[in-house]
Amino acid sequence: MSRRLRIFLTTATLGLAAITPLTLSADAEAAVPNAAACSPGGTWRQGELNVYWFDVEQGDGQLIVGPTGKTMLIDLGETSWNTTGAATNATRVANEIKAICGTGSAPVHLDYVMASHDHLDHIGYPGVPSDAGAYGNGIYQLLTPTSAGGLGFTVGQVIDHDAGSWTDANGNGSCDVGTSTAPSTEIAWHNVGTTSQTARRWICWLYGPSTQPDRAAIDGTVLTLKNSDPAWPTFDLGGGATATVVNANAKGTMEADGTTPVSGDHSTDAVPPSENDYSIAVKVTYGAYKYATAGDSDGEYSSSANGYTYNNIEASLPAKFGNQNFDTIRANHHGSGHSSSDAYVTAMDPETTLISCGANSYGHPANRTLNAYRAIAADIYLTNDPCDTTDVSGSPIDYSGTLNHNGTVHLYTTNAGADYSVDYDAGTRSYVSGAGGTGGGTQGDPTKVKVNEFMPAPSPGNEWVELYNPTAVPVDVSGYFVDDVAAGGGAPKQIPAGTVIPAGGRWVFEFASGFLNNTGSDAVRYTSPGGVEIDAYTYSLSSTQYNKVFHRTGDGGAWCGTISTNVTQGTANPATCP
């Protein structure tokens, strides 16, 4: 059965240009039959984009399921190199993926598996044929055939950053890794700073002899992201959803001296860059929804007490992501204070962020990082709370206002990406896609707009609803709606194209009488193009009150519960209630 996949390349603008098909030599006939694909019988939301952030403690693992069931696993980290069998994160996450994809007890075929970078907490610890004991967890355990001791998942494409390759230096036909104190010389490093046995084992598994039984499911599927490629690839997630690589191998970033590229082989440097700096960054889009994830990319120039440097990869990421605001970003490096720089967070301007962390002694997530996301009013989701308890400053880590205390977090779009919701341990929160960026039209944030005043019973004339923009910039509300009671009443009234509310200004939407109830209960609701409620006021009248209004105390203030004769249509609201 062919493992041919649909993959694209973008031009150098990476995400802003047209997408063109690319045929890759990595396509191959399957060495083992494909496992079962994601099916309609699973728990994933069909017809929408799904993102699952798995709780792998102090590590990372996320699954993206596209609208048609295509899958991309990014990372599957472990907390220990020698955890094996049923005790691994891989085993637990495998069972979660089976439930998501509806395959029962059977393994799943994943369309894409991506390793953001070569650290244990992101890829696990691969086994090698020379191991005296039964080692191997993480992605290795997931994709190793059951006949070779693995979990039997299969894959269409393995996506790897270009850390290095295998050379059979001793001519024995086997990829040798040596030991941590006496490592093998069979790895030719390409883009690397700090090195590890985890990385050597990963390279041996991906690029070692095709005859290795543990390579049967991945042989011929590996796509290596090379700096010499004309452009980074875009992967088809089905139904119009795509995942585009925007950075890898620290391409284009210089070290603190301003002249030395972080890319390249720095394995013999006295103080090499961190492996984190070589992380893959990916932009995922579906309709209006945009998600960004960038491994453990660093956001500053500094030196670690452990003998390596951090380099400011984040400085160039907003431009590589297309200079767009994103709905959701996964906080880089588990919320480390070395990442999620104020400049990066402000430029990306997410409405929601996910921090993948667990018990640790690194100060993850840092108070500075949490405060950076609080400063832009982003909702902060965690896979665990608490992770560490003490900030690098010595102060307690402030988890106030964060969401999710333990377990997998599931994000899914609705209305073909116009909106999205997040399921977490305390319930569900819903959002409007594009709220942090261009909104309904070309400027401002329409999710900040409020219902300010309305007249349900004019005599004569039209009913009207006044919207107020409390922000300091104009807001385009084109395509948003004014509606009455949810799931009832009349059809929503769509705001005309080109409707822009000035900064601190008001806009009045008039429509024929008969839409709002004159007696009994009703509501005035302002909603997104997909129907998500942004602001609303519910009222009740025992008799018709002609030419009177409900209004807030001042523009954007608390609602007055009593209908008023003080009509201020299109001008500042009264400072007091009737």
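**Sheet, helices and cores of the predicted model**

Strands β6 (residues 109–115) and β7 (residues 154–161) pair in the parallel sense over six bridges; pairing requires at least two DSSP bridges between two strands, and strands (E, at least two residues) and helices (H or I, at least four) are DSSP runs numbered from the N terminus. The model is predicted, with local features needing pLDDT of at least 70 and side-chain atom pairs pLDDT 80 or more, whereas totals for chains, interfaces and linings use all residues. Residues are numbered from 1 along each chain as its sequence is written, and side-chain values use heavy atoms, without hydrogens and water.

Contact denotes heavy atoms within 4.5 Å; axes are lines fitted to C-alpha atoms, for helices over the stretch in contact, and angles between N-to-C directions run from 0 to 180 degrees. Helix α1 (residues 89–101) lies across β3 (50–53), β4 (61–65), β5 (71–76) and β6, running at about 165° to β5.

The largest nonpolar core comprises 33 residues, and M72, M114 and L237 have the most contacts inside it. Another core, lying apart from it, has 32 residues, including V108 and W205. Such a core is a set of buried Ala, Val, Leu, Ile, Met, Phe, Trp, Tyr and Cys residues joined through side-chain atoms within 4.5 Å, buried meaning under 20% relative accessible area, exposed over 50% and partly exposed in between (1.4 Å probe, protein chains only).

A558 is located in the segment after β32 (550–551) and counts as exposed because its relative accessibility is 53%.
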